[in-house]
Amino acid sequence: MAGTATNYDPTVIVVDTVAQIWAGLAVPAASARLSLHTDGTPDATANPNAIHLGHTKEGSKITIVSSLAKHFADEEAAPIKATVDVTDMSIEGEFLQVLDDDVLKKLTAPFGTYATASGYKQWTIGRKTLTYDSIAMIWPTPADTTKFAVAHIYAAINEAGLSFQISRKGMSSTPFKFVAYAITSRAAADAVGNYWYMIA
């Protein structure tokens, strides 16, 4: 008899790298992916409204999780079947650039209305029609930094609000959490987003 191969591979451990957060992206067609330039940024032709959202305090985090509805039969102590109840996808962290127009427009999308005139820019706060945005987190792969990994939410909205502190000793930062909402016209298995990376 022979042993079974182990799977110790440090080239697929992500460490000492930087992820960028992008908004205003084109939603890819079914079975397609976000178009990238060779430097890992969104391709400008395919994504003419792409906006980079700047520095983060301690990087960014992608979370993709589903909760299951368990179904039981009287004759069994354990569930006999499960179905997907909820699928959640989010990208979160803390932005540092709290006086950046592009950042503020995305963070205040659920409640802020932007306006500008001579000498000022402002966001009035109140109830408004919700608008969703296509958000992606992009970073170089550890095995080959000329190739990139992408976590892409097709329709997201920031659910963390806007909250920052001004102090003499510290930098300003505000939390963000872009949460996915389904695009119901797409196939159920591809309604929320995708996660992919380039290979040779």
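Select N158 first: its side chain reaches the backbone oxygen of G161 at 3.0 Å. Keep in mind that this is a predicted model.

N158 belongs to strand β8, residues 148-158. Is N158 buried or exposed? N158 has 3% relative accessibility, so it counts as buried, the cut-off being under 20%. Show what surrounds it. Setting aside neighbours within four places in sequence, N158 is in contact with K106, L107, P110, F176, K177 and F178.

Next, select residues 112-117 and 120-125. These are strands β5 and β6, paired in the antiparallel sense over 6 bridges. Zoom in on A117. Which residue of β6 stands opposite A117? The residue there is Y120. β5 and β6 form a hairpin, with 2 residues between them. Pick G119 in the turn: its phi is positive, about 90°.

Go to D16, in the segment before β1 (20-23). D16 counts as exposed because its relative accessibility is 78%, and exposed means over 50%.

Finish at S31. Where does S31 lie? Look in the loop between β1 and β2 (51-52).

Methods: Residues numbered from 1 in each chain as written. Predicted model: local features only at pLDDT ≥ 70, side-chain atom pairs only at ≥ 80, totals over all residues. Heavy atoms only, no water. Helix = DSSP H or I, 4+ residues; strand = E, 2+ residues; numbered from the N terminus. Buried < 20%, exposed > 50% of the residue type's maximum accessible area, 1.4 Å probe, protein only. Pairing = 2+ DSSP bridges. Polar contact = N/O pair within 3.5 Å; in protein donor to acceptor, adjacent residues only side chain to side chain. Contact = heavy atoms within 4.5 Å.
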